[in-house]
Structure formats: structure tokens, C-alpha cells
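This briefing is meant for a reader who is meeting the structure for the first time. Please keep the sequence and the 3D view at hand while reading.

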Amino acid sequence: TESVQITIPPDASGTLRVVSVTGQIMAEMPLGAEVLQINVAYWPSGMYFIEHLESGRNWAARRFLVLPK
């Protein structure tokens, strides 16, 4: 797939960050929309972590895979 869609609770605030397993920040954006679309078409294959950051704390983390094309 060329993109990842992330659904955010309407009352969420803070920042959404996507990080590779090597620690590289691939995307970072302020929350404000209930649905975020992230283009991963040119990212290397591998596992990535979605982090919800608020007031400097990591509140939630999820993972997803980008598969070889």
C-alpha cells in the first residue's frame, strides 16, 4: 500500500510521530484531524512505530509494517 491511514480520537491533542526500528523519525505532525493519511510509498520496507506524544510523554504506541514493493 502507498499510504497508512490513522484514526485519531476527536479529543486527542499533542503530536503524532512515526519512528523506524532504528530510531529515525519518519514523520511528525500535530494532532488536529480525526483521520491522518501518511504516504509511505518511498519508505524502506520494515517495521515502524506510531507514537502519540503529549506534554513530552509517550502515551501510546502502535506498530505497522511497510512491505517490499
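Residues are numbered from 1 along each chain as its sequence is written, and side-chain values use heavy atoms, with hydrogens and water left out. The protein holds zero helices and six strands, where helices (H or I, at least four residues) and strands (E, at least two) are DSSP runs numbered from the N terminus.

**Overall form and confidence**

- Read from the N terminus, the elements follow the order β-β-β-β-β-β.
- The C-alpha trace spans about 35 × 25 × 15 Å along the principal axes of the protein.
- The radius of gyration is 12 Å, which agrees with the value near 11 Å that a compact globule of 69 residues would have; the radius is taken over C-alpha atoms, and the globule rule is 2.2 Å times the number of residues to the power 0.38.
- Mean pLDDT, the predictor's confidence in each residue on a scale from 0 to 100, is 85 for the protein, and 91% of its residues reach 70 or more.
- Among the elements, strand 3 has the highest mean pLDDT (92) and strand 6 the lowest (75).
- Where pLDDT is low, the predicted coordinates should not be read in detail.

**Strands 1 and 4**

- Strand 1 and strand 4 run antiparallel and are joined by five bridges, two strands being paired if DSSP finds at least two bridges between them.
- Within this pairing, Gln5 has Gln37 in strand 4 as its bridge partner.
- Val35 lies in strand 4 (residues 35-39) and counts as partly exposed because its relative accessibility is 45%.
- The C-alpha atoms of Val35 and Thr7 are separated by 4.5 Å, although these residues are 28 residues apart along the chain.
- Val35 touches Gln5 and Ile6, not counting residues up to four places away in sequence, where a contact means heavy atoms within 4.5 Å.

**Core and aromatic rings**

- Buried residues make up 30% of the 69 residues.
- The largest nonpolar core has 15 residues, and those with the most contacts inside it are Ile6, Leu16, Val18, Ile38, Val40, Trp43 and Phe64; such a core is a set of buried Ala, Val, Leu, Ile, Met, Phe, Trp, Tyr and Cys residues joined through side-chain atoms within 4.5 Å.
- The elements that give two or more residues to this core are strand 1 (3-7), strand 2, strand 4, strand 5 and strand 6.
- The structure holds three aromatic pairs, a pair being rings of Phe, Tyr and Trp (its six-membered ring) with centres within 6.5 Å, and planes under 30 degrees apart counting as stacked, over 60 as edge-to-face and the rest as tilted.
- One of these pairs is Tyr48 with Phe64, which is stacked because the ring centres are 5.8 Å apart and the planes lie at 25°.
- This pair links distant parts of the chain, with Tyr48 in strand 5 (residues 46-54) and Phe64 in strand 6 (residues 57-66), 16 residues apart.
- Both Tyr48 and Phe64 are buried, and ring pairs link Trp43, Tyr48 and Phe64 into a cluster.

- Ser20 is found in strand 2 (residues 15-20) and is buried, with a relative accessible area of 9%.
- Not counting residues up to four places away in sequence, Ser20 touches Met26, Met47, Tyr48 and Phe49.
- Gln24 lies in the loop between strand 2 and strand 3 (25-30), and at a relative accessible area of 47% Gln24 is partly exposed.
- Gln24 touches Val18 and Val19, again not counting residues up to four places away in sequence.

Technical notes
This is a predicted model: local features need pLDDT of at least 70, side-chain atom pairs count only at pLDDT 80 or more; totals for chains, interfaces and linings use all residues. Buried means under 20% relative accessible area, exposed over 50%, partly exposed in between (1.4 Å probe, protein chains only).
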